[in-house]
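Please examine the sequence and the structure shown below. The paragraphs that follow lead from a pocket to the overall fold and then to individual residues.

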Amino acid sequence: MYNPDFAAENSPTPYVLTDAEPIFDAADFVRCGRDIIGQLSHVTNQMGITWLQRHLGDDYKIHLIKSLDPKPAHIDTTLLPLAPGKVLVNPRFTDPTKLPAFFKHWDVLIAPEPVPYKTRPRLMSDWISINTLMLDEQRIIVEERQIPLINALKNWGFKPITCAFEDYYPFIGGFHCATLDIRRRGVLKSYA
């Protein structure tokens, strides 16, 4: 499953994984109703995406974005739905003009440059800044040092709740990674 030449110029894939077996990491996907946005990465291959779509059947549609991250591993530093019809996009890790077609009716919010984090060891990109957690359609938990993002979110009509979280970063994740909602109220809707 490992492509030892993934970094070589003539490599058939820029990823560590081959397509010998289906492999995917749930963190490479985000769900908006019955639409699932995903990406190929060092932890998700095409065979894994194909298997997942076949397993989910016609009830769900997987849309892929192209990652521009030199070390892609999880989607929540690239793209994050914030509320119905609003998506936060990191313009360094994906091209906001090439998002799946259903986003054409959404507000695409371009994330500001992140404040570099201080915690050591530095195992992730500073774009962990957009790895936030939505509590509802307005309240969002954001790392307290990310002032540019906090201000942008306020300007977009959100209510940021700041929290010190950089000490968690050596465990390789942000708010979205460190949480799992097990119950939700409401109904399953797609905004495509």
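How do the residues of the lining of the second largest pocket divide into nonpolar, polar and charged? In this predicted model, the lining consists of 10 nonpolar, 6 polar and 3 charged residues. The space within the second largest pocket amounts to about 360 Å³. Its lining is formed by 19 residues, and those closest to the centre of the pocket are Asp69, Lys71, Ala73, Met124 and Ser125.

The protein contains 2 helices and 9 strands, and their order along the sequence is β-β-α-β-β-β-β-β-β-α-β. The protein is as compact as a globular protein of its length, because its radius of gyration of 17 Å is close to the 16 Å that the globule rule gives for 192 residues.

Where contacts join residues at least 6 apart in sequence, 54% of them are between residues at least 24 apart. Of the 192 residues, 44% count as buried. The protein exposes about 11000 Å², of which 54% is supplied by carbon and sulfur atoms.

Threonine 77 is found in the loop that runs between strand E3 (61–65) and strand E4 (79–83). Is this residue buried or exposed? Threonine 77 has a relative accessible area of 13%, and it is therefore buried, the cut-off for that class being under 20%. When residues up to four places away in sequence are not counted, threonine 77 touches Asn90, Phe93, Trp127, Ile128 and Ile130.

Proline 121 belongs to another loop, the one between strand E6 (107–110) and strand E7 (133–134). The peptide bond that joins arginine 120 and proline 121 is cis, with omega at about 0°.

Isoleucine 172 lies in the segment after strand E9 (159–163). Its phi is near 65°, which is a positive value in a residue other than glycine. With a relative accessible area of 49%, isoleucine 172 is partly exposed, since exposed would require over 50%.

Notes. Residues numbered from 1 in each chain as written. Predicted model: local features only at pLDDT ≥ 70, side-chain atom pairs only at ≥ 80, totals over all residues. Heavy atoms only, no water. 1 Å grid on protein atoms, 1.4 Å probe; cavity = no way out; pocket = protein on both sides within 12 Å on 5 of 7 lines; lining within 4 Å. Points joined across faces, edges and corners; volume = space filled by probe spheres on them. Nonpolar A, V, L, I, M, F, W, Y, C, P; charged D, E, K, R; others polar. Helix = DSSP H or I, 4+ residues; strand = E, 2+ residues; numbered from the N terminus. Rg over C-alpha atoms; globule rule 2.2 N^0.38 Å. Buried < 20%, exposed > 50% of the residue type's maximum accessible area, 1.4 Å probe, protein only. Contact = heavy atoms within 4.5 Å. Areas by Shrake-Rupley, 256 points an atom, 1.4 Å probe, with all protein chains shown as cover.
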